[in-house]
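Let's look at this structure together, one question at a time. Have the sequence and the 3D view ready.

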Amino acid sequence: MQAAKQTRKGSFLHNDNVVGYIFAAPFIISFLCLTLIPMALSLYYSFCNYKIGAAPEWIGIQNFANLLKDGTFTNSLLVTIQYVAIGVPLKLVFALFVAMLLTRPTRVQGLYRAIYYIPSLIGGSVAVALVWKQLFGSRGPVVSLIKALGATGFNFFGSTTWAFLPLVLCNAWQFGSSMLIFASGLKQISKEYYEAAEIDGAGAVKRFFSITLPILSPIILFNLIMQLISGFMTFTQAQIITDGGPNYATNYIALNIFKEGFSFQHMGYACAQSWVMLLIMAAVTGIIFKTSSHWTFYEN
Amino acid sequence: MQKKRAVQNVIYHVFVIAFGLLMIYPVLWMILSSFKMKSEILGNNAPFLPSTWVFENYPNGWKGSGSLTFATYFKNSIIVSCLGTLGTVISSAMVAYALARVKFRGRKFWFTAMIMTMLLPGQVLMIPQYIIWNRLGLVGTFVPLILPKYLGWPFFIYMMMQFIRGLPKELDEAAMIDGCNKYSIFTRIVLPLLGPSIITTIVISFYWIWDDYMGPLLYLSKPALYTVSLAIKGFADTQGTNFGPMFAMSSLSLIPVFLLFLFFNRYLMDGVTAGAVKG
């Protein structure tokens, strides 16, 4: 009796549709106010001349036309692509290597994993960026070592060719989350495959390429996409360690957008750059997804 | 045979430990540098260990570069990180419950929207979001850094959804029969069972917010509101060669993250992977 009354009284509030929207409300609000509206605004401003405090002035495709002629922008696209093309595969190879290294069941496996995870825990921080700047700086230990090996006068951050390397290494160094994901994938590979292959006389290299890699391929795809996205948008390290230099050699796109928008107050132009970058990223991710059916392998 | 295995074992452990030391060398270098005299930090003949341990770098760094001390910056970071983490946990758990367990109209659409948001890099929205917060007059306050965390964080929503999907549906049904409704199922059944997933969320979101640099850089202009990450950068900019105190404050800034990791390491390792692989 009482229960029946309660349901009737609260039947509106207990309808699945109402419950769903109440619980999902935080995300719906954020999706509308912090994603959809900003994206629409950004699209509008990318066709405008806009500065904070002034009214946006519609200039059509002028911003996009200017982008093509803007050497700083095209350069920042190129160096970003270089950074991603070298950095992401390096990071994934590294993550897989460490994951395989740590599959061996020992009593201290947990401790080892924790140690190898530390860089990822702190790698994105300002503290590490400042350390990196000195570690690879002209008087830091890494350059001292290189000089001791004979390359006198070598300097990472003074060289347009080599300045990207400490940044790529800093990114690859934070391999922890990819490593953990690889590790749990490795754990799920049935031992029988390896035993059968061993009986057939397959060596360790052959086993890696014909068993481990194919079975891991869906996980590789997942890691690849996640790392590509974060690689394309690298900001903190580049801003602190090199600030885009020397001579724009590490002026990655997120940094360029930041400078264009906030230092030069070209907000409309910066929005146009964001959109071009987003389209390029969407295209790259799309191509990878499309081709992934050829190189990923699902057991069932 | 057994001897060979023992030798292999030793080689394995030596290699893993040596490689692990190489990995944490930058961290060791920072901590050791914070105890060195200035002349021993950089240069070709810089020793690995300080020849005399200098502790003054810590009080010197703590004084900061302006009129404010690091006490202010740590207080700010703690406020932003704790409030932000609290919001992330509550809101993400709610949204994850809705998307994983409640059959409402439009669920598929909102799930897709959530995945799209997760894949959308924040930097793309950096300018329009700034414009909106500026229009609302909230630039220069903690609000743009904290409020969004109360509106669900897609990465954690997705992670918690994977966890909730793993809970047997029979639990919900049994609870229904016992008189629970959809609200009390959330508070009495799902939330308590979400434990490990919540711990992972607390640890990861805390250190992401604590380490965040771009948000504070955009939204905090008054030094009185600076978080630790912004303050260290400011310190490095104004006292460029004063490396000892700079590394001392850098080391201090990592302590909260290390402590959380130390306490919750076990949960973290399981939690991170649970979401990714099943999906």
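Domain bounds here come from an automatic or database domain assignment. This is a predicted model, in which local features need pLDDT of at least 70, side-chain atom pairs count only at pLDDT 80 or more, and totals for chains, interfaces and linings use all residues. Residues are numbered from 1 along each chain as its sequence is written, while chains are lettered from A and ligands numbered from 1 in the order in which they are written.

Q: How far apart are the C-alpha centres of domain 1 and domain 2 of chain A?
A: Chain A is split into domain 1 (2-45) and domain 2 (64-295). The distance between their C-alpha centres is 38 Å.

Q: Is T250(A) buried or exposed?
A: A residue is buried if 20 or more other C-beta atoms (placed from the backbone) lie within 10 Å of its own, exposed if 12 or fewer, and partly exposed in between. T250(A) has 29 such atoms within 10 Å, so T250(A) is buried.

Q: How does Y248(A) count by its C-beta neighbours: buried, exposed or partly exposed?
A: Y248(A) has a positive phi of about 65° although it is not a glycine. Because Y248(A) has 17 C-beta neighbours inside 10 Å, the residue counts as partly exposed.

Q: How many residues of chain A are in contact with chain B?
A: Two residues are in contact if their C-beta atoms, placed from the backbone, lie within 7 Å. On the chain B side, 68 residues take part. On the chain A side, the number is 69.
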